[in-house]
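Please read the text alongside the coordinates.

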Amino acid sequence: AGYKTGLFTSPHLVDVRERIRINGSMVSKEVFQSHFWKCYDAFREKATPEVGVPGYFRFITLLALKIFAAQGVDVVVLKV
């Protein structure tokens with residue numbers, strides 16, 4: 001009833017953005033790319049020899065959560 005919804009699924013078939021949907025629509029390229037590079041740069045900056053950057057699945061999952069938070073999503077369904 002008026003909630004902004006997020007959906008994270010796995011795997012994708014053609015485009016990685018298929019995994020991240022807001023109100024049923026795949027997240028835009030601009031939003032995806034903007035948050036991708038912010039997250040990637042932050043993880044690279046904080047990485048140490050003992051704790052590297054997250055692997056692909058963890059990275060995409062964290063990226064989705066960042067996008068949902070930034071877009072003001074009220075409810076998220078995570079299929080991991």
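Arginine 17 and aspartate 15 form a salt bridge through their side chains, at 3.0 Å from N to O. The term requires a side-chain nitrogen of Lys or Arg within 4 Å of a carboxyl oxygen of Asp or Glu. A search of the whole structure gives 1 salt bridge. Side chains of opposite charge can pair when their charged atoms come close.

The model is predicted: local features need pLDDT of at least 70 and side-chain atom pairs count only at pLDDT 80 or more, whereas totals for chains, interfaces and linings use all residues. Residues are numbered from 1 along each chain as its sequence is written, and side-chain values use heavy atoms, with hydrogens and water left out.

Buried means under 20%, exposed over 50%, and partly exposed in between (1.4 Å probe, protein chains only).

| Residue | Relative accessible area | Class |
|---|---|---|
| Arginine 17 | 11% | buried |
| Aspartate 15 | 23% | partly exposed |
| Leucine 65 | 36% | partly exposed |
| Asparagine 23 | 47% | partly exposed |

Strands (E, at least two residues) and helices (H or I, at least four) are DSSP runs numbered from the N terminus. S1 runs parallel to strand S4 (residues 75-78), with 4 bridges between them; leucine 7 has valine 77 of S4 as its bridge partner. Strand S2 (residues 20-22) is antiparallel to S1 and is joined to it by 3 bridges, with phenylalanine 8 opposite isoleucine 20. Pairing of two strands requires at least two DSSP bridges between them.

Two backbone features lie in loops. Serine 10 and proline 11 are joined by a cis peptide bond, with omega about 0°; proline 11 belongs to the loop between S1 and S2. Asparagine 23, not a glycine, has a positive phi of about 50° and sits in the loop between S2 and strand S3 (25-26).

On the surface, Tyr56, Phe57, Leu62, Leu65, Val76, Leu78 and Val80 make up a nonpolar patch with about 620 Å² of accessible area together. Helix H2 (56-70) and S4 are the elements that give two or more residues to this patch. H2 supplies the largest share, 4 residues. Patch residues have over 30% relative accessible area and no salt bridge; nonpolar side chains (Val, Leu, Ile, Met, Phe, Trp, Tyr) are joined within 5 Å, like charges within 9 Å. Areas come from the Shrake-Rupley method with a 1.4 Å probe, and for residues only the protein chains shown count as cover.
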